[in-house]
Amino acid sequence: PGTGKTTLARIVAQDVGCGHGDLIEIDAATHTGIDAMRAVQDVLEHKPIGGGVRAMLVDECHALSKSAFQSLLKVLEEPPAYAFWLLCTTEPARVPAAVVTRCVRVDLKPVAQPVLVELIERVASAEKIRLGEDASRIVGMCAKEAGGSPRQALVNLAMCAGAKNA
């Protein structure tokens, strides 16, 4: 969690030519059933206006029901030329093998602590966050406690900045 899966999927969608309005994001933790996946597939039947690319980003896809996953098999194997599927999960073992074999898998690893320190310092500077004379120690602790997650590192920075300003 927090390593940038959804952000990376959005970047991939943009890189394959998907305009902002043609990226459809589905939260599978909320929309777990077959009806939700059928509704998404119905959208795919229509080319994007202007003939571009459409991308379907299914976040937390491990939460989909068995029948929802089964409904995706054909469209994942033979998508229209203008369509891309982006499936994100924090629990890859819960994604059925029949789905995994139809996908290109990219595993994101936790981000190294020195990289998180650099990120925190860059954001703190850009946002004009002053952490005082203990800044180096605070930044180091924010990075260490993030456990490899850039998102958590920035949350930690925000908490420290809020405490400093309180």
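**The second largest pocket and its surroundings**

Tutor: Helix 1 contributes three residues to the lining of the second largest pocket, the largest share. Helices (DSSP runs of H or I, at least four residues) and strands (runs of E, at least two) are numbered from the N terminus. The model is predicted, so to speak of local features pLDDT of at least 70 is needed, and of side-chain atom pairs 80 or more, while totals for chains, interfaces and linings use all residues. Residues are numbered from 1 along each chain as its sequence is written, and side-chain values use heavy atoms, leaving out hydrogens and water.

The lining of this second largest pocket includes the run Pro1, Gly2, Thr3, Gly4, Lys5, Thr6 and Thr7. Asp59, Glu60, Thr90 and Arg151 also belong to the lining. A pocket is an open set of points on a 1 Å grid over the protein atoms alone, where a 1.4 Å probe fits, with protein on both sides within 12 Å along at least five of seven lines; lining residues have an atom within 4 Å of a point. By class, the lining has one nonpolar, six polar and four charged residues; Ala, Val, Leu, Ile, Met, Phe, Trp, Tyr, Cys and Pro count as nonpolar, Asp, Glu, Lys and Arg as charged, and the others, Gly among them, as polar. The volume of the second largest pocket is about 160 Å³, counted as the space filled by probe spheres set on grid points joined across faces, edges and corners.

The largest pocket has a volume of about 910 Å³. Its lining is made by 28 residues, and those nearest its centre are Leu87, Cys88, Val104, Arg105 and Val106. Helix 1, strand 3 and helix 4 (97–100) each give two or more residues to this lining, and strand 3 gives the most, namely five. By class, 21 residues of the largest pocket's lining are nonpolar, three are polar and four are charged.

Strand 3 leads on to the sheet. Three strands form an open sheet in the order 1-2-3, with parallel pairing. Strand 1 (18–27) and strand 3 (83–87) are the edge strands, each pairing on one side only. Strands count as paired if DSSP finds at least two bridges between them.

Strand 2 (residues 53–59) runs parallel to strand 1, to which six bridges join it. In that pairing, leucine 23 has alanine 55 as its bridge partner in strand 2, and isoleucine 24 stands opposite methionine 56. Strand 2 also pairs with strand 3 in the parallel sense, over five bridges.
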